[in-house]
Amino acid sequence: MTTTENIRKELQALVDAKYKEFHSSLLPGVNNILGVRIPQLRIMAKEIIKKEDWRTFVESTDTNYYEETMLQGMIIGLAKMELEERMKYVAMFIPRINNWAVCDIFCGELKTAVKKGKETVWQFIQPYLKSSKEFEIRFGIVMLFHYVDNEHIDSLLEYADLFNHDAYYARMGIAWMLSLCFVKFPQKTMEYLKHSTLDNWTYNKTLQKAIESFRVDKDTKDILRNMKRR
């Protein structure tokens, strides 16, 4: 059997029917979910990395299941390699992203890459922030979560104000990013929101995400509720 076939067999042994039903409800339109939990996938990814043929699996397009794609993304983020090689694999993988879960887990696993080459990765994601494709731009936006810092906050708010995309998961990504900006830079983000040119849906969703945060105090949440656009 090929590496991919061996991994597929192992995945099939970990299927949880109830989890499949639950997870499928969160990913409408994704019809190839086996039902393997994320912590189990991460354990598998770390085991695959110990083998010499993890590159063969990551490079394979012979995948049948959502979990196989998720594993490929995890391995690209977790395996030890130079930044240049990792970014080549990232570029290879992005076209395979077709749902928010693979996108967001993948971006989270790239934390090490950002630490090793923050400005290199920053430049790498810029074209994706301008993409017309829903999950390419979602990838770029979720990668911006690694850049909610003093050096980049102005660029993030500037990007948000220029943002113009109709796709649901792109707009949700912007709302989520801005809520993180609000938690870390409340005064600067509040000032931005008061003059924001965001469309009403994305603006109100940003307020909602900030209100849902445990790191925003009750008085501030009341102010945000009164800022909602009708």
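**Entry 1: Thr-189**

I looked up the contacts of Thr-189 and, leaving aside its neighbours within four places in sequence, I found Leu-157, Leu-178, Cys-181 and Phe-182. I note at the outset that this is a predicted model.

I then asked where Thr-189 lies. It belongs to helix α13, which covers residues 186-194.

Is Thr-189 buried or exposed? Its relative accessible area is 0%, and buried means under 20%, so I recorded Thr-189 as buried.

I also examined the side chain of Thr-189, a polar atom of which lies 2.8 Å from the backbone oxygen of Phe-185.

**Entry 2: Salt bridges in the whole structure**

How many salt bridges does a search of the whole structure find? I wrote down 11. I then looked at several of them in turn.

**Entry 3: Arg-42 and Glu-109**

I looked up the salt bridge between Arg-42 and Glu-109, in which the closest N and O atoms are 2.8 Å apart. Arg-42 lies in helix α3 (residues 38-49) and Glu-109 in helix α7 (residues 100-109), so this pair ties together parts that are 67 residues apart in sequence.

I checked the accessibility of each partner. Arg-42 has 26% relative accessibility and counts as partly exposed. Glu-109 has a relative accessible area of 10%, and because the cut-off for buried is under 20%, I recorded Glu-109 as buried.

**Entry 4: Glu-47 and Lys-50**

I turned to Glu-47, which forms a salt bridge with Lys-50; the closest N and O atoms are 3.2 Å apart. Glu-47 is partly exposed, at a relative accessible area of 39%.

**Entry 5: Arg-171 and Asp-199**

I found that the side chains of Arg-171 and Asp-199 meet in a salt bridge, with a distance of 2.9 Å from N to O. Which parts of the chain does the pair link? Arg-171 is in helix α12 (residues 168-184), whereas Asp-199 is in the loop between α13 and α14 (200-212); the two residues are 28 residues apart, and I noted the parts as distant.

For accessibility, I recorded Arg-171 as buried, at 18% relative accessibility. Asp-199 is partly exposed, with a relative accessible area of 31%.

**Entry 6: A network**

Finally, I asked which residues are linked in a network of salt bridges. I noted Lys-218, Asp-222 and Arg-225 as linked in such a network.

Terms used:
Residues numbered from 1 in each chain as written. Predicted model: local features only at pLDDT ≥ 70, side-chain atom pairs only at ≥ 80, totals over all residues. Heavy atoms only, no water. Helix = DSSP H or I, 4+ residues; strand = E, 2+ residues; numbered from the N terminus. Buried < 20%, exposed > 50% of the residue type's maximum accessible area, 1.4 Å probe, protein only. Polar contact = N/O pair within 3.5 Å; in protein donor to acceptor, adjacent residues only side chain to side chain. Contact = heavy atoms within 4.5 Å. Salt bridge = Lys/Arg side-chain N within 4 Å of Asp/Glu carboxyl O.
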